[in-house]
Structures are given as structure tokens and as C-alpha cells.
Amino acid sequence: MTGWGTDEKAIISVLGHRNAVQRKQIRLAYEDLYQEDLIKRLESELSGDFEKAVYRWILDPADRDAVLANVAIKKLSPDHHVIVEISCTRSPEELLAVRRAYQARYKHSLEEDVAAHTKGDTRKLLVALVSAFRYDGEEINTRVANSEAKILHEAVKDKEFNHEEIIRILSTRSKMQLMATFNRYRDDHGTTITKNLEGDSGDEFLKTLRTTIRCLNDPKKYFEKVLRNSIRRVGTDEDALTRVIVTRAEKDLKDIKELYYKRNSVPLDQAVAKDTAGDYKALLLTLLGKED
């Protein structure tokens, strides 16, 4: 980054191949050597989608989620699905770390900001989800799964989608317990709960509810769909594309790539390469494990 222009390829080859711990060490060493914040320097040197992707990638995972959540909440029409994604696909400990990072960065709690920028049933659901600290083990209670599948079915049948029991079940039960409940629902009624929740596409609460169930039940399948939609639409949705690749690169991106190929018969890196350009494309392909 010294002298004329920036060597983007060097930035990609150094940062794109380092894990979160190593990236943090590089940030600290950079500050030590040059008395300058590496993130701020990168922000001033880079621009556009590439800058945004590098910025998202270099942050600590919890800090990155805090930034993603804040950007999602503060939009004119908030991106509720990003809040759901963060609260339902991260582990309980990870979500706790995000809430800590959010407070440190914004001097507010994530819960209060979510509450301040949402209303009605959507607020009730989202505040419950971001405040959750679920049990994270394997133990499940079959009796509870049976009775709660019944409660969910009754509420859905009566179109009481905002029933407080739905919000209680989705925001307090462990993911393994919820999977057992959703499987029970499917076995008893021959269809998934998300299929039964397909209604008015303009209903924001219903949409948020469906996203919640999909994130809790099968996050990889959910992320594959986000990627598919981000690439398929007229004009790529770079925000969604960057968010999924950057946040899943050190988690389950390999599985998501396999799912994507199964579903679309095109490798994900090929689809990304076709829809992106320049340094932004080079960084995403590096994170996908496929350099040009």
C-alpha cells in the first residue's frame, strides 16, 4: 500500500489465505510496525464491492456480525433476514460474542437497536431471537417434540402465526430439539411447516418466521438458496453474495458449494466468476478455494 497505487493481488494473496486468528495477528503486527490501523488504511486504499468484502473478511467474526447486524437494522427498510441469520445460524456462544462486540462498537445493545427499528410481531420475534442463549447439546425430549409439533400445527392451522407459543418455541428450544419438532410436524402432517407458512409474500412477519425456521432447521440449505438468489437476479446482489461467502468460508462453505452444485448443476465458483469482476471476483474465488 505504499507508493503509487495499491497492490490488490498481494492483499488478496496474503489475507485470502489466512484464518481469523492469523488475520487478527496481522492486524496487530501492522499496527505495531506502522502505528496505523490496518482496517482504516485498507478502507482508504480500496473501493466498491472489493473494499466492502476485504473489510468484512478482515474483521473478527463476532465484530463482523455486529457490523452486519447494525447495517441491516439501520437500513430504511431493515433487512430482517440478516438479523435472523446471525441469531439462528451461529452457536449460542458465538451469538453471545456478537452481542458483546455490538455493545463495544456501538455503545448500545443489539437487542435495544433491534427493538428500536422494528415493530409489532416482527419486533417480538427478533428481540427474542437475538436475546436467546439456547442449550447447545445433543439431548432431545421426544415428548416435548410431539406436543410442540401439535402446538405449532394448531397455530398454523388457525393462521395465528403471531401466537406467543410459536415465538417461545422458536426462540428458546435447542436446534436439535427444534429439528425433532419439525420432523414430527412433517411426519404427522405430510408437509413441512415452512410449506404451511407460505402465504402473502408481502407479509413481513410471515417472511421472517419462514426464514427463522429455515435457518434453524437447515442452515446450509438456507445459505445455498441465498447464494442462488443473489446470483440469479437481474444485477447481482453483491451484499448477499459477499455476506454468505465471507461468513461461511471458515465454517461450512465446502458443504454449501456441494449443495449448490447438486441444485444448479453449475459449480458455485463458476457462477460467481461469471457474475463478478476484477479484484472483487479474485477475492471471492480465493475464499471459495479457486484462484484464477
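## Close-up views of a predicted model

**View 1. Helices α15 and α16 pack against each other.** The axes of α15 (residues 219-232) and α16 (residues 238-248) come within 8 Å and cross at roughly 145°. Axes are lines fitted to C-alpha atoms, for helices over the stretch in contact, with angles from 0 to 180 degrees between N-to-C directions. The crossing is left-handed: the near helix is turned anticlockwise from the far one by less than a right angle. From α15, the contact (heavy atoms within 4.5 Å) uses Phe223, Val226, Leu227, Ser230 and Ile231. From α16 come Ala240, Leu241, Arg243, Val244, Ile245 and Arg248. Eight of the contact residues are nonpolar, one is polar and two are charged. Here Ala, Val, Leu, Ile, Met, Phe, Trp, Tyr, Cys and Pro count as nonpolar, Asp, Glu, Lys and Arg as charged, and the others, Gly among them, as polar. Helices are DSSP runs (H or I, at least four residues), numbered from the N terminus.

The model is predicted: local features need pLDDT of at least 70, side-chain atom pairs count only at pLDDT 80 or more, and totals for chains, interfaces and linings use all residues. Residues are numbered from 1 along each chain as its sequence is written, and side-chain values use heavy atoms, with hydrogens and water left out.

**View 2. Ile245 sits in the largest nonpolar core.** That core has 78 residues. A nonpolar core is a set of buried Ala, Val, Leu, Ile, Met, Phe, Trp, Tyr and Cys residues joined through side-chain atoms within 4.5 Å. Ile245 and Val272 have the most contacts inside the core. Not counting residues up to four places away in sequence, Ile245 touches Leu227, Leu253, Val272, Leu284, Leu287 and Leu288.

**View 3. Asn70 is buried in the model.** Asn70 belongs to helix α5 (residues 61-74). Its relative accessible area is 10%. Buried means under 20%, exposed over 50%, partly exposed in between (1.4 Å probe, protein chains only). Neighbours within four places in sequence aside, Asn70 contacts Tyr102, Tyr106 and Asp113.

**View 4. Gln35 and its loop.** Gln35 lies between α2 (20-34) and α3 (38-45). Its phi is positive, about 50°, although Gln35 is not a glycine. Most residues other than glycine have a negative phi. Gln35 is exposed, at 65% relative accessibility.

**View 5. Ser265 and its loop.** Ser265 lies between α17 (253-264) and α18 (268-275). Its phi is about 55°, a positive value on a residue that is not a glycine. Ser265 is exposed, at 57% relative accessibility.

Definitions and conventions
Helix = DSSP H or I, 4+ residues; strand = E, 2+ residues; numbered from the N terminus.
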